Amino acid sequence: MKKRHSSFMSARINPQYFHRSQIPFFIFLILFSTLMLLPILFILNQAFKPQSELFAYPPRFFVRNPTFDNFIELSRLISSSGIPFSRYFLNSLFVTIVGVLLAIIFTGFSAYALSKLKFKGKKLLFEINTLALMFVPIAVQIPRFLIIAKTGLIDTYFAHILPMITMPVAMFLIKQFIDQTPDELIESAKIDGASEMQIFFKIVAPIVAPAIATVGILAFQAIWNDTSTSTLYVNDESKRTLAFYMMTMVSGQGNTVAGQGMAAAAGLIMFLPNLILFIILQSKVMNTMAHSGLK
Amino acid sequence: MNKINRPVWFLIPYWTLFTVFVIVPVVAAIYLSFTYFNAIQPPSFIGIRNYIELVTMDSVFMQYVLPNTLKFALIVGPVGYTLSFMLAWMLAQIPKKPRTVLAIILYSPSLTMGVALSSMWRIIFSSDSQGYINSLLLNWGIILEPIQFLSSPQFLMTIMIIVSLWSSMGVGFLAMLAGVLNVDRTLYEAAYIDGVRNRFQEIFYITIPAMKPQMLFGAVMAVVSTFQAGTIGVALSGSNPTPEYAGQLIVNHIEDYGFIRYMMGYAAAISVVLLLMVYVISKVTWKILGERK
């Protein structure tokens, strides 16, 4: 009796091989995923359609003669505004890379301290951070704006970075992950005379690499996709980001048919880096999520 | 040498940012909510007048913003959350390779959240006959004239809900997927011996209780991302206020008063209401999930 059940069960959750009993799940999941994928496929096709196909009636879903026209047109339109496309792109690249690095170091440091170092108020800090998981940044955009104005961050690259990398979720995830590393490893390194900084960079960081990758990806998404910092904190056009420019360009052009192809191309340029990064790091992200529980 | 080992060096960077961008803004919002502040003159204290006005005089808030926000949140939150769990559970029933591919597909819409990509939906729902949905419907003969999807109050809210649900398989979904996969197998075996008879019983008596930490995390993420997504109506329709306030959510109301009318004290009061709403809803969700042991 027991034996039959266990062999029955092991074919179910997290199965190793395909089994007939999985067919209903496959059917549902594939249909549902296809539906979810449609808008993205549509943009992908739209971005590569030549003008004639954009105007076609009735409209086709799939592109027939793909071209880069929309991308070329997009970069021409952007450059005609006086600031070259590359400027926005480099701004975005710069703030995203610096932001991701700072997010990893800042949240990693704090997570390590809260997980492994001994000091007063440690529990309280973690509880405050857990409470802050419920924090909705958009609710306090006015005080944030006033603070950024007061601290002189207006029109600096830091205005794109600092508000976005304050991520309680990231700190929470990385702390939960560090909790899993055995204290003995750290103790023995201490006996060998390593400083806490050395322990963090040489021992802890490699072990918690999946969590670090996850924080990196969250920071990347937050900064790369963000338009609010350019809208609110940066008036200097030459310091604004690609996401912001794409948004303004698209809301100006998106309603015309010719603009649609460009808008789709712009959407694709913004979306693809997120997707590619996630695909590369997905197994690390899943590994981190296993420790994401709230107790 | 010993100085660099102090915990404080590890704490300063993150907690400085946390103080500046989380704690101070919340405290400032609470303080400003009791003042009249137009961003030019210093704030003057007026007690709870902002709150009284919000409840008694702001007819837009009571008639449109609050009902819209509740409707949006009560649909997108629970439906998105349930959907995330169901999909995560189903994904756990199939082998790893196809699961990974499908999980990436399901997760990818959440990467499009944010204003930059609402352009995508503006193309799809574009209001002239060249808009994709419009031309399909015209071609099939379902409608005779193109519908002004994004500027008509009738459709805007529905489209906002669809778009938000479409992109609701985010971090919480990934956490729940990891949760289902990590449920100890022996628990299932024991449960079937103890008389669990079908898969529904299995989900309710074994899977959910065993992955409760991930369920709670997913719930908080669902609540927060639902409210954070509040700007979508403005992004889709391209105007704040949205047409006839149809897609006006509390976040847009804050922007409207704060950055358009410069009534920052009043906007701060709305912010405080929003923060309280998120907190209360998270706690209630927590209670509901916590009791189902």
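Me: Over which residues of chain A does pLDDT stay under 50?

Reply: pLDDT is the predictor's confidence in each residue, from 0 to 100. In this predicted model, local features need pLDDT of at least 70, side-chain atom pairs count only at pLDDT 80 or more, and totals for chains, interfaces and linings use all residues. Residues are numbered from 1 along each chain as its sequence is written, and chains are lettered from A and ligands numbered from 1 in the order in which they are written. The stretch in question is residues 1-7 of chain A, for which the model has five contacts beyond four places in sequence. Two residues are in contact if their C-beta atoms, placed from the backbone, lie within 7 Å. Where pLDDT is low, the predicted coordinates should not be read in detail.

Me: What is the mean pLDDT of chain A, and what is that of chain B?

Reply: Chain A averages 88, with 94% of its residues scoring at least 70. For chain B the mean is 89, and 96% of the residues reach 70 or more. The complex itself receives an ipTM of 0.89 and a pTM of 0.90 from the predictor.

Me: How many residues of chain A are in contact with chain B, and which helix of chain A gives the most to that side?

Reply: The contact involves 89 residues of chain A and 85 residues of chain B. Several helices of chain A each supply at least two residues to the side that touches chain B, among them α2 (23-47), α5 (85-116) and α15 (257-289). The most comes from α15(A), with 16 residues. Helices (H or I, at least four residues) and strands (E, at least two) are DSSP runs, numbered from the N terminus. By class, that side of chain A has 59 nonpolar, 24 polar and six charged residues. Here Ala, Val, Leu, Ile, Met, Phe, Trp, Tyr, Cys and Pro count as nonpolar, Asp, Glu, Lys and Arg as charged, and the others, Gly among them, as polar.

Me: Into which domains is chain A divided, and how many residues of domain 1 are in contact with domain 2?

Reply: Domain bounds come from an automatic or database domain assignment. Chain A is divided into domain 1 (19-67) and domain 2 (80-289), and their C-alpha centres lie 31 Å apart. Eight residues of domain 1 of chain A are in contact with eight residues of domain 2 of chain A. On the domain 1 side, α2(A) provides the largest share, four residues. That side consists of five nonpolar, two polar and one charged residues.

Me: How many residues of helix α9 of chain A are buried?

Reply: A residue is buried if 20 or more other C-beta atoms lie within 10 Å of its own, exposed if 12 or fewer, and partly exposed in between; C-beta atoms are placed from the backbone. Helix α9 (residues 168-178) of chain A is mostly covered, with 11 of its 11 residues buried. Among them are A:A170, A:L173 and A:I174. These three residues are also among the contacts of A:V215 beyond four places in sequence, together with A:A103, A:I104 and A:T107.

Me: Which residues have the most contacts inside the largest nonpolar core?

Reply: A nonpolar core is a set of buried Ala, Val, Leu, Ile, Met, Phe, Trp, Tyr and Cys residues joined through C-beta atoms within 7 Å. The largest has 167 residues, and those with the most contacts inside it include A:A170, A:V215, B:A88 and B:I270. Helix α3 (residues 59-91) of chain B gives the most to this core, with 14 residues. At least three residues come from each of domain 1 and domain 2 of chain A.

Me: How many helices and strands are there in chain B?

Reply: Chain B has 14 helices and two strands. Of its 293 residues, 50% count as buried. The C-alpha trace spans about 75 × 70 × 40 Å along its principal axes.

Me: Why does A:Y157 count as partly exposed?

Reply: A:Y157 counts as partly exposed because it has 17 C-beta neighbours inside 10 Å. A:Y157 is in the loop between α7 and α8 (158-161) of chain A. Beyond four places in sequence, A:Y157 is in contact with A:F94, A:V95 and A:K239.

Me: Which residues does a cis peptide bond join in chain B?

Reply: The bond joins B:N240 and B:P241, with omega about 0°. B:P241 lies in the loop between α12 (232-237) and α13 (250-260) of chain B.
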